[in-house]
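Me: I would like a close look at one part of this model. Please start with the overall layout, then zoom in.

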Amino acid sequence: MHLEYTITELPAIATKILETSTSKNILFFGEMGSGKTTLIKEIVKQLGVHDTVSSPTFSIVNEYMSDDDQTVFHFDFYRIENEQEAFEIGLDEYFEKNAWCLAEWPENVKNLLPLNRTEIHITILDMDTRKLIIK
Ligand SMILES: Nc1ncnc2c1ncn2[C@@H]1O[C@H](COP(=O)(O)OP(=O)(O)O)[C@@H](O)[C@H]1O
Ligand SMILES: [Mg+2]
């Protein structure tokens with residue numbers, strides 16, 4: 001599915017992703033500034049999380065709890081040095097927990113990604129517009 005959107009359409013896009021994803025492991029591909037964090041924040045909000053969501057810049061993963069006690073993990077593999085680092089935090093187990101796992105820069109841990117997953121590919125069309133493909 002292909003979708004084009006501006007920031008004002010972001011809530012609808014997040015809803016669409018939650019409705020269509022057949023997996024709770026959702027991987028977000030796209031260059032720096034394409035809007036992975038922005039979109040994940042909206043998805044986390046729609047899952048019923050009220051914590052402040054910030055990009056996990058200083059750690060690989062942030063954990064949130066929703067109103068109805070669903071666990072949400074937000075990964076950012078941008079700064080990871082090598083896959084061993086992700087392996088050591090038990091990344092494979094996170095993906096098996098049946099929790100929401102929303103990951104930025106999944107290409108940096110490509111050998112550790114679960115088969116059970118939805119891929120979101122974002123490209124920048126212009127300053128305000130993004131194109132997204134759900135796989
Ligand atoms: N349609 C859009 N969707 C998401 N972000 C957008 C959009 N249009 C403009 N932006 C801007 O692009 C930037 C995306 O940043 P961010 O979400 O941190 O990207 P990433 O996590 O992919 O590096 C933000 O400053 C946001 O306001
Ligand atoms: Mg980001």
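How many helices and strands are there in the protein chain? Then take helix H2: which of its residues are buried, and what covers them?

Reply: This is a predicted model, in which local features need pLDDT of at least 70, side-chain atom pairs count only at pLDDT 80 or more, and totals for chains, interfaces and linings use all residues. Residues are numbered from 1 along each chain as its sequence is written, while chains are lettered from A and ligands numbered from 1 in the order in which they are written.

The protein chain holds 4 helices and 7 strands. Both are DSSP runs numbered from the N terminus: helices are H or I with at least four residues, strands E with at least two. From the N terminus on, the order is β-α-β-α-β-β-α-α-β-β-β. The radius of gyration, taken over C-alpha atoms, is 14 Å. The globule rule (2.2 Å times the number of residues to the power 0.38) also gives 14 Å for 135 residues, so the chain is as compact as a globular protein of that length.

The strands form an open sheet with mixed pairing, in the order E1-E7-E6-E2-E5-E4-E3. Two strands pair if DSSP finds at least two bridges between them. E1 (2–5) and E3 (61–65) stand at the edges with a single partner strand each, so one side of each has no neighbour in the sheet. On average, neighbouring strands are turned by 20 degrees against each other, direction ignored. Between E6 (residues 118–124) and E7 (residues 130–134), which run antiparallel, there are 5 bridges. His121 has Ile133 in E7 as its bridge partner.

Now H2. This helix covers residues 36–46. H2 packs on the sheet and touches E2, E3, E4 (71–76), E5 (100–104) and E6. Its direction makes about 165 degrees with that of E5. Axes are lines fitted to C-alpha atoms, for helices over the stretch in contact; angles run from 0 to 180 degrees between N-to-C directions.

Which H2 residues are buried? Lys36, Leu39, Ile40, Lys41, Glu42, Ile43 and Val44 are. Buried means 20 or more other C-beta atoms within 10 Å of the residue's own; 12 or fewer is exposed, and in between is partly exposed, with C-beta atoms placed from the backbone. Across the protein chain, 32% of the 135 residues count as buried. The cover over the buried residues of H2 includes H1, E2, E3, E4, E5 and E6. Contact here means C-beta atoms, placed from the backbone, within 7 Å. An α-helix has 3.6 residues a turn, so residues three or four places apart point the same way.

H2 also faces ligand 1. With 3 residues, H2 gives the most to the shell around ligand 1. There are 16 residues around this ligand, and Gly35, Lys36, Thr37, Thr38 and Arg130 come nearest. A residue is near a molecule if its C-beta atom, placed from the backbone, lies within 6 Å of it.

Beyond the helix end, Gly48 follows H2 with a positive phi, near 95 degrees.

Key
Two residues are in contact if their C-beta atoms, placed from the backbone, lie within 7 Å.
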